Amino acid sequence: MFITFEGPDGSGKTTQVKRIGRKLIEKGFDIVYTREPGGTEISDQVREILMNMKNKQMCPRTEILLFCAARAQLVEEVIRPALQSGKIVISDRYADSTLAYQGYGHGFEQETLKQLLNFATGNLWPDLTFLLDIPAEKGLRRRINNQEEWNRMDDYQLAFHERVRNGYHQLAAADPQRWEIIDADQSEEAVENEIMQRLARRLHF
Ligand code: TYD
């Protein structure tokens, strides 16, 4: 089973992915954890190009292709083999981030992006996706308050991040079977409990 976590910057995905991963391991599930962009030696090198504040002149088309390149390597090297051996793969971001950020954020057509994503991933889409939902401004403020690394993507205007958040809602509405929307503007414990309840229903534990 392939589970992904999505959401605007500062929605707390990374914290939750780790907490949920630990809980599922305690319950005896075999878990592989990945994060995007990155997750393999080659993908981490591509991540460095994407996130580096030095690369402010990067055009959106380059950005799209680099995210796809990092993902292609991750799918081939890590995700597909893990799924084939029956593991649960949990990824901190995946292809929906490209649809939300490069699609709704930068205004590229969804259909074109889906074709690129299908090429990059060999048509691999998640079975279940959690949207950790938070207003864009609150998310960015959290990143500043927690003194998290400020990267080239965070540096886009607030309006961009608002389009991303609305985009996520449109993606979720178009495929409610796959998506679970979680209010991420609560304590870490409350968010974790909500995710675990929904997982219990989906994984029957
Ligand atoms: P990261 O530091 O991993 O942030 P987060 O903790 O929010 O995941 O940075 C990833 C950034 O890259 C984030 O702003 C989202 C963006 N991104 C895209 O624009 N498109 C993509 O396909 C992916 C995977 C990420």
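Gln147 is exposed, with a relative accessible area of 73%. Exposed here means over 50%, buried under 20%, and partly exposed in between, using a 1.4 Å probe and protein chains only. Gln147 is not a glycine, yet has a positive phi of about 55°. Gln147 sits in the loop between α6 and α7.

Some housekeeping. This is a predicted model, where local features need pLDDT of at least 70 and side-chain atom pairs count only at pLDDT 80 or more, while totals for chains, interfaces and linings use all residues. Residues are numbered from 1 along each chain as its sequence is written, and side-chain values use heavy atoms, with hydrogens and water left out. Helices (H or I, at least four residues) and strands (E, at least two) are DSSP runs, numbered from the N terminus.

Back to the loops. Asn123 also has a positive phi, about 65°, and is not a glycine. Asn123 lies between α5 and β4 (128-133). With 54% relative accessibility, Asn123 counts as exposed.

Next, the cis peptide bond. Glu36 and Pro37 are joined by one, with omega about -10°. Pro37 is in the loop between β2 and α2.

A nonpolar core is a set of buried Ala, Val, Leu, Ile, Met, Phe, Trp, Tyr and Cys residues joined through side-chain atoms within 4.5 Å. The largest has 33 residues; Leu50, Ile79, Tyr94, Tyr101 and Tyr168 touch the most other members. At least two residues each come from α2, α3, α4, α5 (110-121) and α7 (158-174). The largest share, 9 residues, belongs to α3. A second, separate core has 19 residues, including Ile3, Val17, Leu128 and Ile195.

Last, the largest pocket. A pocket is an open set of points on a 1 Å grid over the protein atoms alone, where a 1.4 Å probe fits, with protein on both sides within 12 Å along at least five of seven lines; lining residues have an atom within 4 Å of a point. The space in the largest pocket is about 720 Å³, counted as that filled by probe spheres set on the points, which are joined across faces, edges and corners. Its lining has 36 residues, with Gly10, Lys13, Thr14, Arg143 and Glu148 nearest the centre. Elements giving two or more lining residues include α1 (13-26), β2 (31-35) and α8 (188-203).
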